[in-house]
Structures are given as structure tokens and as C-alpha cells.
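Subject: Handing over the two-chain model

Hi there,

Here is the structure I promised to pass on to you. Have a look at it first, and my notes follow below.

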Amino acid sequence: MLEFDFLTPNRLDESTAILEETGGCILAGGTDLIPKMRNDLFFAPILVDLSNIDELSFIEEKDDQIVIGALTTHQAIAESALLKSTNPALVTAAGTVGCVQTRNRGTLGGNIANASPAADSVPPLLVYDAQIRLLNKAGERTMPLTEFLVGPGMTKLESGELIHSVSFSQLQGAWGGAFQKLGVRNGMAIAVVSVAAAIVLDASGKVSDTRLALGSVASTVVRSPKAESALIGHEPTPEVVSRAAEACAEDISPISDVRSTAEYRRHAAIVLARRVLEQAAAEARGRLV
Amino acid sequence: MTEETLTLGKSELRKDAWDKVTGAAQYVADIPLTDLCHAVIVRSPLHYGRILGINKSAAQNIPGVLRVLAAEDIPGNKIFGPLLQDQPSLAIDIVRHLGEPVAIVIADNLETARMASELVKVEYEPLEPVFDPGQSLKPGGPRLHPEGNLAAQFDIQDGDIEAGFAEADVVLENTFSVPRISPAYMEPENSLARWNEDGLITVWVSSQHPFTDQVFIADALDLPVEKVQVKSAVIGGAFGGKEDSSLAILAALSAWAVRGAVRIVNTRNESFLAHPKRHPALIKMKLGAKRDGTLVALRAMSHMDTGAYASYGPAVGIIFTETLAGSYRIPNVHFETFVAYTNSPLSGAMRGFGSPQSHFALESMLDMLAAELDMHPLALRRKNMLRPGDKMFTGVVVNDTANSLPICLDQAEAIIKRFSQIEPAPGKTVGVGMALAAQSMGLGAKVPDDSTHRLEWSPDGDVYVHLGSPDMGQGLAMAAEQVTAEALGLPYEVVKTIPLDTLTSPNGNVTCASRMTYMVGNALIDAADRLIQQLLDEAARMMNFPREQLSYQVGRVVCPDGQKVDAAEIASRVADDGRTLQCESTFSFPYPEETTPQHLPIGMPHVIFCFGAQIVRVEVDPEIGNVDVTHLVAIHDVGRVISKPAVEGQIEGAVATGLGYALYEEMPLKEHQQWVDSFTEYLIPTTKDVPLNYEIIILEVPEASGPYGAKGIGEIPLVPTAPAVANAVYDAVGVRVKSLPLTPEKLIKI
Ligand SMILES: Cc1cc2nc3c(=O)[nH]c(=O)nc-3n(C[C@H](O)[C@H](O)[C@H](O)COP(=O)(O)OP(=O)(O)OC[C@H]3O[C@@H](n4cnc5c(N)ncnc54)[C@H](O)[C@@H]3O)c2cc1C
């Protein structure tokens, strides 16, 4: 039997104090942690359950920033009108996580901290240049999400630290964002490839800003600078978009596993990148005045 | 059907439904026993190896551990096997597959048993494994069993194959491969046993064949069978995978060894590794036809991987071979089938029992031939389908139920037309495909197949069905109750099923082979008739009326003076005499000598077949190869509907299984030579993967020998699904996939 201490703080300061004191492992929705523990892939002698910390569960707009608390569930994100109008890619992504039960329990913070290359909420956050805010007993620090994610299951989170929230600036002007995911099956599908894109057009219809992020094709979710620079300054015509999508192949390093082969992932990543960019560009064009 | 029925064909409420949805139903893992101990199996970490030594002492010394058992501790026969005695209950000297039971640790709690199981030190000498059945049969490889690596071989010919091909205008040759499939039931295998002070062993099982378990347990423990009581618990799905006695034997052995009560429950990983799967197969097929589409010759050479032990492999090889010509008349055939041992997880019985494999090859070939001949696949099938009176290659003459085939094809034609008119989703390429299927019923000629069941009229008015075969969740009990109620003219509610107990229940034989409603129904109709006669005999004696002046009417005896006496009252007076108003009946699967060819091996031929067709519409993403099955119609002949929702349930579930076979499921070796052994990697369809547009058409072409005309539906609905999907995918993108599952990688060129 798994034997561990289970601590349930009720306040945020209490949480950081306990984490500092015990060096315990954070438990949020448990949808990653519990299966791992049950399969002997992970063990922690002390679990610190954050589910009572309501102040970590929120989605809010502060100035031009959108801030999402770490304990916000995928379901809450999928249903958020604020996010739908500011980061529709994230809303789409959250809606594809697991099944209803997974979305009701699984949290954004857990998805990020688990640091899977297939984490669905990460590509839409990366294309918004999201920042992550970390808290410990002594204080807090903020860093770009790309920097926080180090490798599969590896992050910059330190012992005694918790994820407080992530934040990103709203896109302005003629912008569009999209997310698509390819799984082996339709329900309860872990991404074989996932792609998110954001595009901002200037008044002449040329790309002034764009970001493309891909999941399940490298050791972390990755941005594709090659694709992005192929777009900047150009009108996103089908040819331009295709070329940019092709370019993302140079920024990824997929592997073969039971879900798919490296060659297929590379191929599908390009196709999905093209579709997502087209979708984002179409949305952006709709916002051109 | 226009005739009025009481309950037949209607939607009754399953009597176990409420318990199942509220969680009250007791599966083996739920049965409470006092002083219960737990056993954990020490399994082979190797695919193949020699055991050099087993050191039990470290585990044995852990507080809470009662015993550590290995093969040497089995007092009786250490080997079992339903068809071939080849499987050690605990490995003897050699391990032949990853996960094979080597020892078993019994402790007073599960955690201790688990922990201690890791301390059993087994020393192995690794041996080079073989996984490919063709490779396994080549000289020079490892010899896995004393008699060699061939578990069974079939060589069946009819007509003149050379002449057949000489006559053909078109000859196609292809090789197909189908993967290993897990039954993926919700309840993993388990067993619970208690040694009783009087020397009786009681074993609770989740098993399709408790009476077989009883024999194997008695044999292993060297006990008379009467000393072994096997009880059927609620079963959480079986699909053939629970025609395996291994855990029942080990639980009984453990209880016997500690003189107590012991439970074993497999984890999901153990279930994947160590319980029977559907046979992977490599099928080489050559089909010859005349220019007008007439099939003239079919040759097949097939290798099936039965894994480390035969299980039901040889019997699966039989049905596979017998269904290679599907629902078609082909005058010249030659089929060679090799069932080979390998170091893979064992394959055995699984829903379809050989028929999903043969049909994938044949029904794919037919569409390829149709394309070659520039003929509509439907027209090709219509031209060659079996008709009543046709002789199959086994010599069996097809009976009138083949009349369902033209109906299937007519319906299919209309559906194909309808499907072809549906607009594709943007960016998708659509295709429509179909397949026919034939599935045999029964265990095959010369295999004794008697099924005995008993009816009892209780003094409270209820009628009890003492079912001799377990209801594995498919609703056999409901079918039995409906048939009994209909035959006795009683409301469905008063007929109740008693769970199987080998000490008190009649032997109804194993629940399998699409024949349970058929066997049970026939036995119970006869039992009901005789029960009525007995009731009238008793009533005549009791009331002093001449027997022939009494008649039976819906649960009552009608006397010549018009008086009506409840059967319950008569049962009650019989009970006063210390007797029971009951009647047992045995139905034997009919293989009439005059019409059953006798020249074939034991288990061949099968003489009654079920037929069906499925039509699917797929949308394929031409760039990434994703297949979406958007529409599906399943047309199946059941002879006569006993329970409508149960028939629909069988079809719905089977179609989902068929879609898994078509699109997702396989159990390959992955890195570090481990098998895929969890639902994270072994993907089965979810509700989002079954088509939204989905229709069931039930045909009722009566089977003359069936109860009220009923025949089987348990297996056939998953048989045509995979080839229908493959045919639809070809129609959509022009790519012929000859190996299942149809993954996107196989559909696009990268
Ligand atoms: C059936 C099923 C289907 C799934 N499908 C998907 C899918 O489609 N897409 C997908 O992306 N994921 C999927 N997942 C994975 C999982 O649901 C998500 O990653 C989820 O967001 C994890 O969140 P959680 O709250 O459950 O994390 P937990 O399991 O509680 O924790 C995960 C990790 O994050 C750490 N952690 C949690 N919260 C914090 C915090 N605030 N600060 C610091 N560290 C923290 C924990 O210590 C742990 O290491 C699936 C899981 C299951 C069981």
C-alpha cells in the first residue's frame, strides 16, 4: 500500500509554510499524480493538497493582462467567456483534455507542472508569451513559461514553491488564435501532435506579430522561430502559410513511440501548423478594419 | 411477427440491472469473507527462460506471509489446459512468456503479499524468445514444448484447387495480418477460494466454465470433484477471455495450502500479460474468379500465434479455417492453417473465435476482386452468396437461414445509396464500404455439447431457473427467464434465475460459441413442457380427477368442473410431501449423422451459421490519414428476437469492439521488450469514437432447430466491422490496408 502523509492547508500562506517546512509534493486535481503513484512511477512521502485554496482558482482581467490561477480546472477554462474572447486557442485546448471527469478535476497548474510535451494547455499559453508566477514562503518570482519548462517532467519549480498563476497580455488589433490537436482516437486522446498559433496583422494585412507552438514533437512544448520569421512582414497567403508551416519541421525533433512514429509526427505537425495558421489568419483578417 | 407473445421479443428489465447500477452486485472482488487472505502472483520477467532456482525464504519470513508456493507445492496435476494439457499452473523449470506465474505469495493482507512477492528470488537463465508463428515453426529455433511448436494444423480441401485456378480469368494474391487483441473487459480476472473444515473447497469464479474449473481444481489438488464447489459470481464481462481456469486453480491451491480463504485479483497489467487474447495471424490468400465474377478457387495459408500455451487455440484454428470462405459458394478450396506456439502472451478464446481474422482477409479480397473486375462489390457478393441447399466446402448443406443473405444485400444496397448521397465534411474524403459475415454456432461436430438446465416451481408461485451455465453479463439469465415465462404462459417477473453452483446446479456446459440462448432456450422449453405435465400429474393425484381431463392455463390447472387451482398451491402440497416440483432437461447441440460430414477432424464441421452485413461510411482526412466512421448500419439475422434490448446491446457492444479492431487496438512489443499492457497505450474506442449515425436492423429468419426460431448473436456483430471499414477507407482514398489496425500512418505517403 502507498503510505504517505496527506496535508490539506486552508490558506495560501499556510500552504507555502507547509511546503517550506515539509518539502512536500503538491497535489492539485491528482489526475497526473495519482495514476503515477498507483503505477509505482512516482512516490512522495508527503502530499500537500491544494484543493481548499480557493484563491488559486480564478480567471481575471487586470489592465490588459489575463491572469489564470493555478487551481483553475480545464472545465472552468473551457467555459470561460473572458478566455473565449481573449485566448480562444486555450479554450479549445482545455475542451480537448481527457474526458469530462478529467477536465473537472485536472488543473492548469498541474498541467504545466507535470511538464508533459503533450500538455494541451501549454501551446496556447506559449503563443501568448505567458508568464508564470511562482510563490514560496519567502516571496515570489515570475518568469516566462518557456523558461519554466525544462524537459519532460522537468521544470524550474523549486522545493517549497508553488505555481500561483499564469498571465499573458491580450493581443491587440487584428489578431487571431487557434489550436488543433491530433490524437489516435477522438475521446480521451493524448496528443500525437498539437499546434497553437497566434497571428496579428497590421493595417495593410501583413503579419506584424506571430507565434507558433507545437506539442508532442520535442522534449517540451516548443515554439517555432523558423515558422514565425517566415511569416513576419508577409501577407499570410496560402503559399506563405504553407512555407511557414514547412519551416517548423526544423524546430522540432519528434520521436517514435507506441502512439506514432517520428516521421508521421513530423508530417502531421506541418499539416496541423498550416491549418492552425490559416485558421488564425482568417480570424485576424476578420478583425481588420 | 404478428402473433401475440407474452414476453418474447419485448423489452423487459434485467433483474440484475438495479444491483449493477447501484454497485450492490457482488463481483468476486466484493464478496466478503472473514479471515480473508490475499495472494499475489510472482510472474516471469522474461519472455523465455530456464528457472535455475526459487528462493522463497526472504518472502516467507515477512510477518503476515502465510505461504509461498511454487510448482512443487501442487499436490496433484501441475498442468492443465482446456484442449491440450500443456500449461503449468505455476511454471515448472521453464518460463515461456512474460508474466507467466512462477510462484504465489499468500499473506493476511494484500500489501504484505505484494511486498513479499517482490522478495521471492527467482534465478533465471534467459533464453532467446521467438514471437513470430512462422519463424517458430522453422527448424533451428527454440523448441517451446516437448511435442514441438505446432499446437494444431488443419489442411482442408474441397474440389480441385489446381483446376479451379486454371479455370479462373482473374487471380489475386495478398497477405493480410491481424494483431493481438485484448478482450478488455471491465473486470480483470480473479478468483476467491475457501477451504472448509469438512474438507470441501468453495471457489468463487468470474468464469465462463465453472464446471471445467471444478475438474481442473480437483485435478490439481488431487481431490474428488465432489469436494470442489465452484460458484459463479457476477461477471464483469468475459468475451471468451474467461474460458481460462488459471486463477481458479491458483486460488483453490492457496486456500488449500493455508487452510483458509484466499482471494486473487489480477491487476490490469497482469490481465494484459497473462490472460488469453485474440490470435494474431498472418493470412496468405489467393482468390480466383471468372470474368463474370463467379468465384472458382480460394487458397489460404495461415499462421496463427497461440502464444506460450495452446488454450483454445486449436479450436480457434478450426473456426478460422471454416470461415475462410465466409458466406460464399466457392467450389475449389484448399486451406492450410498452422496454430503455432511462440513466446507471446497466450491467445485463446475471444469473441469471434477465428472469424474476425478470416473475414478481414476474405472480405478485403472480395472488394479488391470487385475493383479488378470493375464490378460493384455488392453485385460480386450477390453473385456468390450461399443459398439454402448449397454445399459448403466442409460438405455441410446450408439450411434455410441463408435466406437472410439476400435480404442483407438488398438492405445494404439501399443503405449504400443513401450513404453515398451524404455530403462530405469540408476537407474530408468520404468512402462507403461493406462486408458480409458468417459465424458458426456451437463447438463443432464430435465435441460433446450437452447443456442441462432445471426449472423449479416454488410454493410461493415463482419459477426458478437453475441455469447450468453462467450469465457473463450478456443477459443470458434474462433470455432464459423470458423463454421460460413464454413457455409457461407466466409473467416475466415471476421467473427468476438462481446463480450457478456446481454442487446444486445442473451442468449447462461452457458459456460460449454464440449458442447460449439456443441451448438454454431449447432445454428450458422442453423442461417447461415437462414441468406442466408433472404439474398435471400431481394435480390429478391430489384432486382425484382423471389426468386427461385436466388442462394447464397460465400458471393454473383447470379442472373438469371449471375450478382453477394455482400451480403454487400444487407446488406447496408437493413440498409438504418433502418433494420439489421441478424438471431438468438436456439439450444436445444437433449434429445429425445423416447430414453432418464425418471425414473432418474433431471439432469440424460446424453446421449452423449466423449471417449479417455491415455498411459503414467513413470520412478520411487525406492529409493526415485520420479515419472517422461517421455512419454505420448493422444488419443481423437472429432467427427470432427473444429480448430486443439484449440483441441491440450485443450488436452495439460488438460493433464498438469491431471498430477497435479496425482502427486502434494492438498489443505490440515496445521498447525494452515489454508488451503494451495498459489502457494508456492500448486504446479502445470511447463514446466519441463510435459513429453518431448508427442503426441496427434485426432480421428474423427462423432457425428451425432454435427456441422459437432463435439463433446466435453474441459474436457475429464484430466480424464484418473491420473489413467494412477497410473497404470504405479504400473507397475513400484508394489505399488498401492489409494489416490491422488501420492507423493513419498506413493511409498516407510521407
Ligand atoms: C484519463 C486522463 C486523460 C488525460 N488527458 C489529458 C489530455 O488530453 N491532455 C492533457 O494535457 N492532459 C491530460 N491528462 C493529464 C492531466 O489531466 C493534466 O495534466 C492535468 O491538468 C493535471 O492537473 P492536476 O490538477 O490533476 O495535477 P496533479 O496530478 O494534482 O499534479 C500534477 C503535477 O503538478 C504538480 N502541481 C499541481 N499543481 C501545482 C501547483 N499549483 N504548483 C506547483 N506544482 C503543482 C504536482 O505536484 C504534480 O507534480 C489526462 C489525465 C488522465 C487521468
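How many salt bridges are there between domain 2 of chain B and domain 3 of chain B? The count is zero. Before I go on, please keep in mind that this is a predicted model.

**Domains 2 and 3 of chain B**

Chain B is split into domain 1 (35-127 + 189-265), domain 2 (281-444 + 595-749) and domain 3 (450-588). Taken over C-alpha atoms, the centres of domain 2 and domain 3 of chain B are 39 Å apart. Their contact involves 19 residues from domain 2 of chain B and 18 residues from domain 3 of chain B. Together these two domains bury about 1400 Å², and carbon and sulfur atoms give 65% of that. On the domain 2 side, Ile642(B), Pro707(B) and Tyr708(B) supply 36% of the area buried against domain 3 of chain B, more than any other three residues.

Although the salt-bridge count is zero here, six residue pairs are in polar contact between domain 2 and domain 3 of chain B, both residues being at pLDDT 80 or more. The elements of chain B that give two or more residues to the domain 2 side of this contact are β18 (429-441) and α16 (644-663). β18(B) gives the most, with three residues. Sorted by class, that side of domain 2 of chain B has eight nonpolar, nine polar and two charged residues.

**The two domains of chain A**

Chain A is divided into domain 1 (53-169) and domain 2 (174-286), and the C-alpha centres of these two domains of chain A lie 20 Å apart. Domain 1 of chain A brings 28 residues to the contact, and domain 2 of chain A brings 23 residues. The area buried between them is about 1800 Å², 66% of it on carbon and sulfur atoms. Pro117(A), Pro123(A) and Val127(A) supply 30% of what domain 1 of chain A buries against domain 2 of chain A, more than any other three residues.

In this interface of chain A there are three salt bridges between domain 1 and domain 2. Asp129(A) and Arg223(A) form a salt bridge through their side chains, at 2.8 Å from N to O. Between domain 1 and domain 2 of chain A, five residue pairs are in polar contact, both residues at pLDDT 80 or more. On the side of domain 1 of chain A that touches domain 2 of chain A, at least two residues each come from α4 (81-86), α5 (88-95), α8 (122-126) and β8 (149-151) of chain A. By class, that side of domain 1 of chain A has 17 nonpolar, nine polar and two charged residues.

**Where the chains meet**

Between the chains, 20 residues of chain B are in contact with 20 residues of chain A. Chain B and chain A bury about 1900 Å² between them, with 54% of it on carbon and sulfur atoms. In chain B, the residues that lose the most area to chain A are Glu623(B), Ile624(B) and Glu745(B), together 28% of what that side buries.

Three salt bridges are counted between chain B and chain A. Asp621(B) and Arg275(A) meet through their side chains in a salt bridge, with 2.6 Å from N to O. There are also 13 residue pairs in polar contact across the interface of chain B and chain A, both residues at pLDDT 80 or more. The side of chain B that touches chain A is made up of eight nonpolar, three polar and nine charged residues.

Val65(B) sits in strand β3 (residues 65-70) of chain B. Val65(B) counts as buried because its relative accessible area is 12%, under the 20% cut-off. Leaving out residues up to four places away in sequence, Val65(B) touches Ala59(B), Gln60(B), Val105(B), Ile106(B), Ala107(B), Thr112(B) and Ala116(B). Val65(B) and Val105(B) are 40 residues apart in sequence, and their C-alpha atoms are 7.2 Å apart in space.

Gln214(B) belongs to helix α6 (residues 210-221) of chain B. Gln214(B) is buried as well, with a relative accessible area of 9%. With residues up to four places away in sequence not counted, Gln214(B) touches Val225(B), Val228(B), Val230(B) and Thr502(B).

Key
Residues are numbered from 1 along each chain as its sequence is written. Chains are lettered from A and ligands numbered from 1 in the order in which they are written. This is a predicted model: local features need pLDDT of at least 70, side-chain atom pairs count only at pLDDT 80 or more; totals for chains, interfaces and linings use all residues. Side-chain values use heavy atoms; hydrogens and water are left out. Contact means heavy atoms within 4.5 Å. Buried area is the accessible area (1.4 Å probe) that two parts lose on being put together, summed over both. A salt bridge is a side-chain nitrogen of Lys or Arg within 4 Å of a carboxyl oxygen of Asp or Glu. A polar contact is a pair of N or O atoms within 3.5 Å; within protein, one must be able to donate a hydrogen and the other to accept it, and residues adjacent in sequence count only if both atoms are side-chain atoms. Ala, Val, Leu, Ile, Met, Phe, Trp, Tyr, Cys and Pro count as nonpolar, Asp, Glu, Lys and Arg as charged, and the others, Gly among them, as polar. Domain bounds come from an automatic or database domain assignment. Helices (H or I, at least four residues) and strands (E, at least two) are DSSP runs, numbered from the N terminus. Buried means under 20% relative accessible area, exposed over 50%, partly exposed in between (1.4 Å probe, protein chains only).
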